[in-house]
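Try each task yourself before you read its solution.

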Amino acid sequence: MSVIINRDQCTGCEECLTSCPFDAIEIREGKAFINENCQICMACLSACPEDAIIETEKEETAKIDAQEYKGVWVFAEQREGNIASVAFELLGVGRKLAHDLNTELSAVLFGAPESGAQELIRWGADKVYLSNNPIFETFNDEPYSELLSSLIKEYHPEIVLAGATAIGRSFIPRVAAKLVTGLTADCTSLEIDKETRNLLQIRPAFGGNIMATILCPNNRPQMATVRPRVMKRGQYNENREGEIIPVKAAGISSRTMVLETVKEISDIFVNLQEADIIISGGRGLGNPQGFKLLEELAGLIGGAVGSSRAAVDEGWISYSHQVGQTGKTVCPKIYFACGISGAVQHLVGMQSSDIIIAINKNPEAPIFNVATFGIVGDLYEIIPLLIKKIKEMREIGKTANG
Amino acid sequence: MNIVVCIKQVPDTAEVKINPETNTLIREGVPSIINPFDMHAIEAGLQIREKIGGKVTVITMGPPQAETALRDALSMGADDAVLLTDRAFAGSDTWATSYTLSKAVKKIGADIIICGKQAIDGDTAQVGPEMAEFLNIPHVAYVKKVEDIKADFLRVQRMMDSGYDIIESTFPVLLTVVKEINEPRLPSLKSKMAAKKAVIKKWTSSDIGADEDKIGLKGSPTQVKNIFAPQAKTDRKMLNGTPEEQVEALIQELRRLKCLS
Ligand SMILES: Cc1cc2nc3c(=O)[nH]c(=O)nc-3n(C[C@H](O)[C@H](O)[C@H](O)COP(=O)(O)OP(=O)(O)OC[C@H]3O[C@@H](n4cnc5c(N)ncnc54)[C@H](O)[C@@H]3O)c2cc1C
Ligand SMILES: Nc1ncnc2c1ncn2[C@@H]1O[C@H](COP(=O)(O)O)[C@@H](O)[C@H]1O
């Protein structure tokens with residue numbers, strides 16, 4: 001397949017030139033010409049008012065027998081024996097996909113006891129493939145990818161989902177490479193195409209400025225990592241029953257060794273990607289003490305503290321708190337941006353938050369463009385007041401409840 | 001120690017926007033840069049070389065103009081550069097990209113391969129680990145510190161969601177690095193001049209003995225069906241008044257949305 005110009009239809013209007021992210025279209029002899037830079041990304045197709053840019057058909061590749069692949073699988077990651085909340089979210093979306101495909105939903109759990117598998121069943125799994133082998137208790141890429149790929153080879157699921165977490169994004173690519181199949185990273189929406197039964201995988205690209213729908217039509221399974229906190233959890237049913245299938249992990253080796261797992265100990269440290277509320281501060285804090293104020297608010301309403309890169313660069317807070325293009329991508333229910341201007345590199349890391357509250361002195365700050373609620377003001381006035389009022393409110397609540 | 005660093009030339013994403021009416025990319029005057037994470041990968045390679053000796057080769061797969069990225073890497077101090085360029089590579093997804101890069105790495109021969117954590121255009125973070133699988137070697141992702149490196153092993157810190165792991169690996173190994181690992185150096189004027197004149201190897205698909213069915217669009221299991229603009233927020237509300245009124249209004253809003261009790 002390639003992209004070509006129908007020279008009869010091309011009027012040389014140049015509309016398409018800027019649509020190309022790779023500088024692959026130029027005008028030659030008054031008509032558009034696609035040069036060797038073309039990456040076949042198709043971005044130009046819709047840019048042409050004359051429909052003169054066309055894609056030639058893809059040659060048929062050896063079709064896999066999609067019929068042989070059945071079932072939706074969810075890789076349920078655990079940390080220190082606790083199942084990560086993203087696993088329950090995957091079961092939520094997995095249930096929907098399994099329903100649309102009229103198939104089963106299974107979970108895969110490594111390095112956890114049977115009680116963990118029971119929990120996954122209560123959250124919606126029909127089956128759980130479980131290895132309680134202690135070698136899986138700490139995450140290590142090679143053993144994880146070896147066992148998961150051998151299970152997939154044995155049972156042929158049509159869809160495999162995992163969390164787009166540090167763990168999922170590290171080892172799932174190895175599994176996809178081994179199985180010769182596609183993998184779509186960090187999806188924010190998944191649907192089934194009713195006609196073809198293909199999985200439509202929707203994800204942000206170009207730092208969140210663009211959304212793309214990705215397909216994996218000719219290979220199985222269709223694999224995706226899914227951004228935490230985007231999908232709704234499945235329904236919890238204490239009495240739900242399912243099947244636990246113990247899996248053997250024999251002869252699994254690894255060339256890397258995890259010597260130690262270090263928890264970053266900090267009063268305020270909560271996994272940013274799992275926090276419901278994030279209070280972020282930027283250069284507008286003016287000094288490292290500013291973060292103490294944010295911590296106080298965070299402590300009060302149960303949030304985690306984030307930051308812009310400028311605050312990290314100033315040395316006011318460690319890099320693990322940075323949100324944005326070169327930091328973490330977060331999606332909490334509430335995101336407070338305090339003294340953050342809203343540079344696009346910051347926005348891409350937080351703009352999908354449910355509610356964004358921006359506090360900034362400058363009414364022109366771009367952060368207000370993405371804000372749900374905007375407050376033009378001095379954060380050193382607003383936040384102490386907010387803390388005070390919340391405390392007052394709770395005092396009243398307490399006395400009212402006796 | 002043979003060190004290979006994989007770098008990608010990317011549009012400075014901050015400036016790539018989509019035209020909501022036509023659903024196409026607007027990219028007028030957007031500069032191309034070395035993927036920011038890959039700058040740290042280059043620096044990590046140079047530091048390892050300085051510590052235990054060896055050679056740093058930078059490679060990229062991309063269109064002919066990606067040569068600029070390689071020259072920039074040479075000016076930072078890399079010893080050698082290879083450009084993988086061929087029309088047949090066009091349309092590669094991460095599977096085909098990592099296959100192609102792995103063929104080139106095999107040809108060069110490497111003890112350590114270093115990638116950035118992710119490329120800021122696609123943001124997939126998949127090419128590194130997939131390449132390790134193709135090479136049948138271990139990998140460690142999100143390396144934030146090289147604690148120790150000897151002739152036969154290295155020990156690194158891997159950043160995780162709530163802390164870090166300390167990991168040892170034998171060679172060969174592939175690392176992907178995060179920004180925390182180092183501060184990329186600036187090239188000197190002299191090295192910039194030298195890099196301008198350096199000869200850059202150009203390899204096509206046949207130079208690396210790639211299987212035609214595994215490269216480019218044909219070798220890519222995934223396909224981009226369409227692209228579109230993210231939904232813009234339309235429900236913005238400015239809270240005006242005195243600071244007290246603003247805070248009161250915010251609390252009311254949050255209570256209304258059942259986000260505060
Ligand atoms: C390749 C690349 C990657 C990057 N990655 C990231 C990233 O991952 N994350 C990130 O955040 N940035 C990133 N940046 C940097 C980004 O471009 C901005 O420089 C940065 O986000 C600015 O941080 P800031 O908003 O805290 O600071 P500033 O832009 O300096 O804004 C400070 C704001 O505080 C306001 N203010 C000042 N005092 C007060 C007060 N008392 N009360 C209320 N408001 C006040 C000011 O009006 C101003 O709007 C990246 C840049 C590049 C080039
Ligand atoms: N075309 C390419 N050429 C060289 N290296 C690449 C290429 N694409 C990706 N990489 C490397 O793989 C890393 C992860 O990229 P990605 O999986 O696209 O997010 C990058 O930081 C680079 O080190």
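## Exercise 1: A bridge inside chain B

Asp121(B) is buried, with a relative accessible area of 7%. Keep in mind that the model is a predicted one.

**Task.** Which side chain does Asp121(B) meet in a salt bridge, and which parts of chain B does the pair tie together?

**Solution.** 

Step 1. Look for the partner: the side chain of Asp121(B) meets that of Lys8(B), with an N to O distance of 3.1 Å. A salt bridge needs these atoms within 4 Å, so the pair qualifies.

Step 2. Asp121(B) sits in the loop between strand S8 (112-116) and H4 of chain B, while Lys8(B) sits in the loop between strand S1 (2-6) and strand S2 (9-11) of that chain, so the bridge ties together parts that are 113 residues apart in sequence.

Step 3. Check the surroundings of the partner. Lys8(B) has a relative accessible area of 34%, which means that Lys8(B) is partly exposed. The cut-off for buried is under 20%, so the 7% of Asp121(B) falls on the buried side.

## Exercise 2: Another bridge in chain B

**Task.** Which strands hold Glu168(B) and Arg155(B), and how many residues apart are they?

**Solution.** 

Step 1. Start with the side chains: Glu168(B) and Arg155(B) form a salt bridge at 3.8 Å, N to O.

Step 2. Now the strands. Glu168(B) belongs to strand S11 (residues 163-170) of chain B and Arg155(B) to strand S10 (residues 153-160) of chain B, 13 residues apart.

Step 3. Is Arg155(B) buried or partly exposed? Its relative accessibility is 23%, so Arg155(B) counts as partly exposed.

## Exercise 3: From chain to chain

**Task.** How many salt bridges are there between chain A and chain B? Find examples.

**Solution.** 

Step 1. Begin with the whole structure, where a search finds 36 salt bridges over all chains. Between chain A and chain B the count is five.

Step 2. Take Glu133(B) and Arg174(A), whose side chains meet at 2.8 Å, N to O. This pair crosses from helix H4 (residues 127-135) of chain B to helix H4 (residues 166-179) of chain A. Both Glu133(B) and Arg174(A) are buried.

Step 3. Take Asp161(B) and Arg79(A) as well, which form a salt bridge at 3.4 Å, N to O.

Step 4. Describe the contact as a whole. Chain A contributes 107 residues and chain B contributes 95 residues. The area buried between the two chains is about 9,000 Å², and carbon and sulfur atoms give 59% of that area. There are also 33 residue pairs in polar contact across this interface. On the side of chain A that touches chain B, H4(A) gives the most, with nine residues. The residues on that side of chain A divide into 53 nonpolar, 32 polar and 22 charged.

Step 5. Strands take part too: strand S17 (residues 256-263) of chain A pairs with S11(B) in the antiparallel sense over seven bridges. Within this pairing, Val258(A) stands opposite Ile167(B).

## Exercise 4: A hairpin in chain A

**Task.** Which residues of strand S12 (residues 189-192) of chain A lie on its covered face, and which on its uncovered face?

**Solution.** 

Step 1. Sort the residues: Leu190(A) and Ile192(A) make up the covered face, and Ser189(A) and Glu191(A) the uncovered one.

Step 2. Find the neighbour. S12(A) runs antiparallel to strand S13 (residues 199-205) of chain A, and four bridges join them. Ile192(A) has Leu199(A) as its bridge partner in S13(A).

Step 3. Inspect the turn. Six residues lie between the strands of this hairpin, and Arg197(A) takes a positive phi near 65° there.

## Exercise 5: A sheet with strands from both chains

**Solution.** 

Step 1. Write the order of the six strands: S19(A)-S18(A)-S20(A)-S21(A)-S22(A)-S15(B), with parallel pairing.

Step 2. Read off the ends. Strand S19 (304-307) of chain A and strand S15 (237-238) of chain B each have a single partner strand, so one side of each is left without a neighbour in the sheet.

Step 3. Zoom in on one pair: strand S20 (residues 334-338) of chain A and strand S21 (residues 355-360) of chain A are parallel over five bridges. Here Cys338(A) stands opposite Ile359(A) in S21(A).

Note on methods: Residues numbered from 1 in each chain as written. Chains lettered and ligands numbered in written order. Predicted model: local features only at pLDDT ≥ 70, side-chain atom pairs only at ≥ 80, totals over all residues. Heavy atoms only, no water. Helix = DSSP H or I, 4+ residues; strand = E, 2+ residues; numbered from the N terminus. Buried < 20%, exposed > 50% of the residue type's maximum accessible area, 1.4 Å probe, protein only. Contact = heavy atoms within 4.5 Å. Buried area = accessible area lost by both parts, 1.4 Å probe. Polar contact = N/O pair within 3.5 Å; in protein donor to acceptor, adjacent residues only side chain to side chain. Nonpolar A, V, L, I, M, F, W, Y, C, P; charged D, E, K, R; others polar. Pairing = 2+ DSSP bridges.
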